[in-house]
Amino acid sequence: MALVALVGSTVPLFLLILRASTLACLFCFTNYEERLHLCQMFVGTERSKLGQCKDALTAAFEGLSDMKINYDERSHLHDAFTQMILSLQEVATAQGSFKAAFPSAAAKMKRTIQQLKKVQACVPPCGVQEVTRSFHCQGCFSTICDLPLDCPVQDLMVNRGDQALFSCIVGFQLPESEITYSWKFAGGGLRTQDVSYFRDMPGAHGYLARIRPVQPTHRGTFSCVILQDQRPLARLYFYLNVTGPPPPSETELQVTFREVMHWAPRETEAIEPWRPSLGELLARPGALTLGNLSLLAATAAFLSASVTVLVWMFFRWYLSGN
């Protein structure tokens with residue numbers, strides 16, 4: 001019972017003596033029981049000696065209080081601290097001195113941290129850049145770049161009838177899996193980043209989008225949202241300004257259209273009687289009746305007689321003259 005009371009009294013005491021104004025990496029990757037057991041192995045349970053162990057431990061790892069590491073390296077660093085605790089326990093078992101063991105262990109740990117993968121720098125101006133997440137030993141928390149989700153609007157000027165190409169590419173590294181792209185459009189020549197004005201473009205997929213030929217109706221803002229598992233990572237905006245005259249063929253069509261729209265009917269023309277030719281009369285159904293045939297025969301005979309008389313009169317005149 002005396003031993004239990006002694007251990008119970010040392011627990012709150014050790015909580016007090018290992019409390020520091022800033023939490024170093026030691027406090028993030030080791031727990032209270034491990035640190036308590038370590039000091040007890042070196043100096044026993046005497047309060048004054050535990051205080052000296054605390055001061056030595058805090059002083060040795062004080063240089064790691066403001067360390068910042070790559071978030072993905074946390075597991076490696078945790079394993080390194082676990083191995084360090086085991087090594088210090090072996091030193092304590094061998095009756096070694098904590099005054100030499102703690103600084104040596106802290107120096108090795110600092111070299112280990114320096115060999116870890118470095119924290120990636122933020123790439124402005126926008127985006128949720130998970131690859132830049134870092135872990136802070138001073139407080140045992142992680143942070144990423146404090147950049148907006150929306151990227152600045154990019155201006156794109158394209159002549160009418162040409163091709164417009166949009167590239168949904170960011171300067172920072174994207175996750176390797178579950179990346180999708182969503183394209184939207186705010187028409188009417190609107191330049192905006194207000195998502196309420198945009199409508200989905202279901203025909204656009206992937207990080208590239210193309211419009212050809214560009215028409216005045218395409219003037220407006222196009223938006224591309226990069227998502228990972230439906231979580232937005234960045235929103236890019238492209239303002240398309242359509243310039244230049246229409247193609248020559250389109251100009252001709254527009255001129256023709258305007259002529260049709262401004263066309264006015266001419267004055268009503270008088271109706272003329274129908275004067276068919278002989279061929280048209282003969283071609284009509286029922287034209288070759290017996291009566292008509294007799295009339296045609298009489299007419300032909302009359303014309304033939306007239307021509308004969310005219311020819312006889314001409315020769316008579318010609319012979320009388322000679």
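A164 stands opposite I211 of strand 8. This is a predicted model. A164 belongs to strand 5, residues 164-167. Strand 5 and strand 8 (residues 208-211) pair in the antiparallel sense, and 4 bridges hold the pairing. Strand 5 has two faces. A164 and F166 form the covered face. L165 and S167 form the uncovered one.

F166 also takes part in a ring cluster. Ring pairs link F166 with W183, F185, F222 and F238.

An open sheet holds 3 strands in the order 1-2-3, with antiparallel pairing. Strand 1 (68-70) and strand 3 (141-143) are the edge strands. Each has a single partner strand, so one side of each is left without a neighbour in the sheet. On average, neighbouring strands of this sheet are turned by 35 degrees against each other, direction ignored. Strand 1 joins strand 2 (residues 134-136) through 3 bridges, and the two run antiparallel. K68 has H136 of strand 2 as its bridge partner.

F135 is found in strand 2. Is F135 buried or exposed? F135 has a relative accessible area of 10%, so it falls under the 20% cut-off and counts as buried. Leaving aside neighbours within four places in sequence, F135 is in contact with C28, F29, M67, K68, I69, Y71, R74, C140, F141 and S142. R74 is one of these contacts. F135 and R74 are 61 residues apart in sequence, yet 7.7 Å apart in space, C-alpha to C-alpha.

**Aromatic pairs around F29**

The model has 13 aromatic pairs. Two of them involve F29, as the table sets out.

| Pair | Ring centres | Plane angle | Class |
|---|---|---|---|
| F29 and F81 | 5.8 Å apart | 10 degrees | stacked |
| F29 and F135 | 5.4 Å apart | 55 degrees | tilted |

Why is the pair of F29 and F81 stacked? The planes stand at 10 degrees, which is under the 30 degrees that sets the limit for stacking, so the pair is stacked. F29 lies in helix 2 (residues 25-29) and F81 in helix 5 (residues 74-93), so this pair ties together parts that are 52 residues apart in sequence. F29 is buried, and F81 is buried too.

The rings of F29 and F135 have planes at 55 degrees, so that pair is tilted. This pair links distant parts of the chain. F29 sits in helix 2 and F135 in strand 2, 106 residues apart. Both F29 and F135 are buried.

**Helices**

Helix 3 (residues 32-43) packs against helix 6 (residues 98-114). The angle is about 145 degrees, and the axes are 11 Å apart. Which residues make the contact? Helix 3 supplies L38, F42 and V43. Helix 6 supplies F98, A101 and F102. The residues of this contact divide into 6 nonpolar, no polar and no charged.

Helix 4 covers residues 47-61, 15 residues in total. From first C-alpha to last, helix 4 reaches 21 Å, close to the 21 Å expected at 1.5 Å a residue. Its buried residues are L50, G51, C53, K54, L57, T58, A60 and F61. An α-helix has 3.6 residues a turn, so residues three or four places apart point the same way. Among the buried residues of helix 4 are L50, C53, K54, L57 and F61.

Key: Residues numbered from 1 in each chain as written. Predicted model: local features only at pLDDT ≥ 70, side-chain atom pairs only at ≥ 80, totals over all residues. Heavy atoms only, no water. Expected span 1.5 Å × (residues − 1). Buried < 20%, exposed > 50% of the residue type's maximum accessible area, 1.4 Å probe, protein only. Pairing = 2+ DSSP bridges. Axes fitted to C-alpha atoms, helices over the stretch in contact; angles between N-to-C directions. Contact = heavy atoms within 4.5 Å. Nonpolar A, V, L, I, M, F, W, Y, C, P; charged D, E, K, R; others polar. Phe/Tyr/Trp six-rings, centres within 6.5 Å; stacked < 30°, edge-to-face > 60°.
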